[in-house]
Amino acid sequence: MRISEGVKQLLIINILLFVGSMFVPATYDYLAMYYFGNAKFQFWQPLTYMFMHGGYMHIFFNMFALFSFGTTLETIFGTKRLYLLFLVSGLGAALLHMGVNFYAVSHGVSQLVSAGYQESEIYALLRGGQYNLQWESVLGSADLHALLSAFNTPVVGASGAVYGFLVAFAYMFPNAELMMMFIPVPIKAKFFVPGILAIDLIGGFTGGFSIFGGGTGIAHFAHVGGAITGFLLVRYWKQNQFKHNRWN
């Protein structure tokens, strides 16, 4: 299948920034998305993080999925709406990810305050990239890890936006058969996509990135946020696609 123009441009932007960050490592901290209370957070990061990647396999799988689903979606919706779907899904992913991290940070800080620590001193240490070793006696290792990960670990990648593409494709073509790489068993999109999302929810609540510990390095809730946002946007488009042809 010939690659479409919009998908081509998204691929070029992602690859150029990935290569550029290898030569200028400071770009990573500048464009990755940090927790909004972190000293490294900048207002543009919820937009730029989705064009950054953390490694060769990370960008390969995201760009492969972008090509696999994006070209078909661009044929249906057009280039402008493809860009909008990518950006809105990525922003939705950032919003849910940040919300989950806000819960993890607030939960940890409230426990420390209840134990007698000053809130201002807690945030001062966190913003300086430090923490009090005695916090573990109050929070336990799991909650302390959740607090520190949520506050300090940046998120990068187009995964949230790609999940928006994946859900959009499944919504438009529910009976299309998909196969997970390395598992050559075809599964209809209407079953495949909910299954993938269920795995992310389980990973997020039991051992995923940033909230309950585990340190998998995968922003599971960002995936879910991108999927939800992409679904809502495409559902709106589909339900209103013929309105301009109706009589008032």
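**Conventions**

I call a crossing left-handed if the near helix is turned anticlockwise from the far one by less than a right angle, and right-handed if clockwise. I worked on a predicted model, in which local features need pLDDT of at least 70 and side-chain atom pairs count only at pLDDT 80 or more, while totals for chains, interfaces and linings use all residues. Residues are numbered from 1 along each chain as its sequence is written, and side-chain values use heavy atoms, with hydrogens and water left out.

**Entry 1**

I took helices as DSSP runs (H or I, at least four residues), numbered from the N terminus. For the axes I used lines fitted to C-alpha atoms over the stretch in contact, with angles from 0 to 180 degrees between N-to-C directions.

I looked up α6 and helix α7 (residues 135-152), whose axes come within 12 Å and cross at roughly 50°. The two helices, α6 and α7, are therefore oblique to each other; angles under 35 degrees count as roughly parallel, over 145 as roughly antiparallel, 65 to 115 as roughly perpendicular and the rest as oblique. I noted the crossing of α6 and α7 as right-handed.

I then turned to helix α5 (residues 79-114) and helix α6 (residues 119-127), with axes that come within 9 Å and cross at roughly 130°. I recorded α5 and α6 as oblique and their crossing as right-handed.

For α9 and α10 I found that the axes come within 8 Å and cross at roughly 140°. That angle makes α9 oblique to α10.

**Entry 2: salt bridges**

I applied the criterion of a side-chain nitrogen of Lys or Arg within 4 Å of a carboxyl oxygen of Asp or Glu. Side chains of opposite charge can pair when their charged atoms come close. I found two salt bridges in the structure.

One joins Glu 5 to Lys 8, with 3.6 Å between the closest N and O atoms. Both residues lie in helix α1, three residues apart, so about one helical turn separates Glu 5 from Lys 8. For exposure I used relative accessible area: buried is under 20%, exposed over 50%, and partly exposed in between (1.4 Å probe, protein chains only). Glu 5 is partly exposed at 43%, and Lys 8 is partly exposed at 32%.

The other salt bridge is between the side chains of Lys 40 and Asp 29, at 3.4 Å from N to O. Lys 40 lies in the loop between α2 (26-31) and α3 (45-48) and Asp 29 in helix α2, so this pair ties together parts that are eleven residues apart in sequence. I noted Lys 40 as partly exposed at 41% relative accessibility and Asp 29 as partly exposed at 32%.

**Entry 3: a nonpolar surface patch**

I looked up a nonpolar patch on the surface, formed by Ile 15, Val 19, Met 22, Phe 23, Val 24 and Tyr 56, with about 630 Å² of accessible area together. Patches take residues with over 30% relative accessible area and no salt bridge; like charges are joined within 9 Å, and nonpolar side chains (Val, Leu, Ile, Met, Phe, Trp, Tyr) within 5 Å. Areas come from the Shrake-Rupley method with a 1.4 Å probe, and for residues only the protein chains shown count as cover.

Helix α1 (residues 5-23) supplies the largest share of the patch, four residues. Tyr 56 belongs to helix α4 (residues 56-77) and counts as exposed at 57% relative accessibility.

**Entry 4: contacts across the sequence**

I located Ala 219 in the loop between α9 (189-206) and α10 (220-239). Ala 219 is buried, at 11% relative accessibility. Its C-alpha atom is 7.2 Å from that of Val 155, 64 residues apart along the chain.

I also looked up Thr 75 in helix α4, which is exposed with a relative accessible area of 65%. Thr 75 and Gly 6 are 69 residues apart in sequence, with 9.9 Å between their C-alpha atoms.
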